[in-house]
Amino acid sequence: MNDIKLAVLGGEGVGKSALIVRFLTRRFIGEYASSSECIYRKHLSIDGRQLNLELYDPCSQACEGKLTLTDQIHWADGFIVVYDISDRSSFIKAKAVVHLIRELNLGVAKRDADTLVFLVGNKQDLCHVREVRREEGQRLAAESQCQFYELSAAEHYQEVVLMFSKMVHNASLGGKAKERRRRPSGSKSMAKLINNVFGKRRKSV
Ligand SMILES: Nc1nc2c(ncn2[C@@H]2O[C@H](COP(=O)(O)OP(=O)(O)OP(=O)(O)O)[C@@H](O)[C@H]2O)c(=O)[nH]1
């Protein structure tokens, strides 16, 4: 069974919980508790493969035992970085988060890097009070090798599901999840044990 860990990151009130809840339950409920961080778990079947999905929703307020942004980035296989198109300061925060992900994941293969960070401009239904132009989001995504989405957790159920499904699919194929599959800890230590017992007696051919 494949474990996929995704972190939904971004500034305060951009709609991180709304997007996750929309994906997991189909519903948009308007108000979400934001005083504690939370990992949602869901069992999924994608292309005939069984997956355990973990979705990390940080709390923006200070809360006990909260993971640092660096810890969150090390924990996750893939990232959905969210800003609110009606709030420029949230775009600046998203830019900083994307840059930190890039800095901490410098060793990641380019193909994985391209597919495992999504930049999402949420609250598209508020475009009459827009502060961030679509092209600015597109430009940041292109510069930072992210895929770009602009959508509304409130109004676009299909788009939200498509976006999450794409990320789950990409994360299941690449990056850290692939590494975990390639080197499951059990078989690694078994291989070492077998080598210790038989290694010295083996001849190269
Ligand atoms: N108009 C509109 N409002 C939204 C949308 N998504 C979320 N909201 C509202 O934005 C507010 C914040 O949403 P949350 O999902 O709690 O945002 P968050 O990023 O998880 O917030 P924190 O955990 O406090 O950082 C709530 O009042 C939501 O109803 C959207 O697509 N459109």
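Let's start at Lys-123, where an N or O atom of the side chain sits 3.0 Å from an oxygen atom of the ligand. That falls inside the cut-off for a polar contact, a pair of N or O atoms within 3.5 Å (within protein, one must be able to donate a hydrogen and the other to accept it, and residues adjacent in sequence count only if both atoms are side-chain atoms). Taken on its own, the ligand has 650 Å² of accessible area, and the protein covers 86% of that. Accessible areas here come from the Shrake-Rupley method with a 1.4 Å probe, and for residues only the protein chains shown count as cover.

Before going on, bear in mind that this is a predicted model, in which local features need pLDDT of at least 70 and side-chain atom pairs count only at pLDDT 80 or more, while totals for chains, interfaces and linings use all residues. Residues are numbered from 1 along each chain as its sequence is written, and side-chain values use heavy atoms, with hydrogens and water left out.

Back to the ligand. Asn-122 has a side-chain N or O atom 3.2 Å from a nitrogen atom of the ligand. Glu-31 brings a polar side-chain atom to 3.0 Å from a ligand oxygen.

The space that the ligand takes up is the largest pocket.

Now for the fold. The chain has eight helices and six strands, and from the N terminus the elements run β-α-β-β-α-β-α-α-β-α-β-α-α-α. These are DSSP runs numbered from the N terminus, with helices (H or I) of at least four residues and strands (E) of at least two. Of the 205 residues in the chain, 43% are buried. Buried means under 20% relative accessible area, exposed means over 50%, and partly exposed is in between (1.4 Å probe, protein chains only).

Arg-26 counts as exposed because its relative accessibility is 54%. Its phi is near 75°, a positive value in a residue other than glycine. Most residues other than glycine have a negative phi. Phe-28 is in the loop between helix 1 and strand 2 (38–46), and its 37% relative accessibility is why Phe-28 counts as partly exposed. Look across from Phe-28 to Ala-154: the two are 126 residues apart along the chain, with 5.8 Å between their C-alpha atoms.

Strand 2 itself includes Ile-46, a buried residue because its relative accessible area is 15%. The C-alpha atoms of Ile-46 and Ser-165 are 8.6 Å apart, although 119 residues separate the two in sequence.

The loop between strand 3 (49–57) and helix 2 (69–75) contains Pro-58. Is Pro-58 buried or exposed? At 11% relative accessibility, Pro-58 counts as buried. Leu-67 is in the loop between strand 3 and helix 2, but a relative accessible area of 31% makes Leu-67 partly exposed. Leu-67 has its C-alpha 8.6 Å from that of Glu-37, 30 residues away in sequence.

Finally, find Gln-145 in the loop between helix 5 (134–143) and strand 6 (147–150). Gln-145 has a phi near 55°, a positive value for a residue other than glycine. With 32% relative accessibility, Gln-145 counts as partly exposed.

Notes:
1 Å grid on protein atoms, 1.4 Å probe; cavity = no way out; pocket = protein on both sides within 12 Å on 5 of 7 lines; lining within 4 Å. Sits in = over half its atoms within 2 Å of the grid points.
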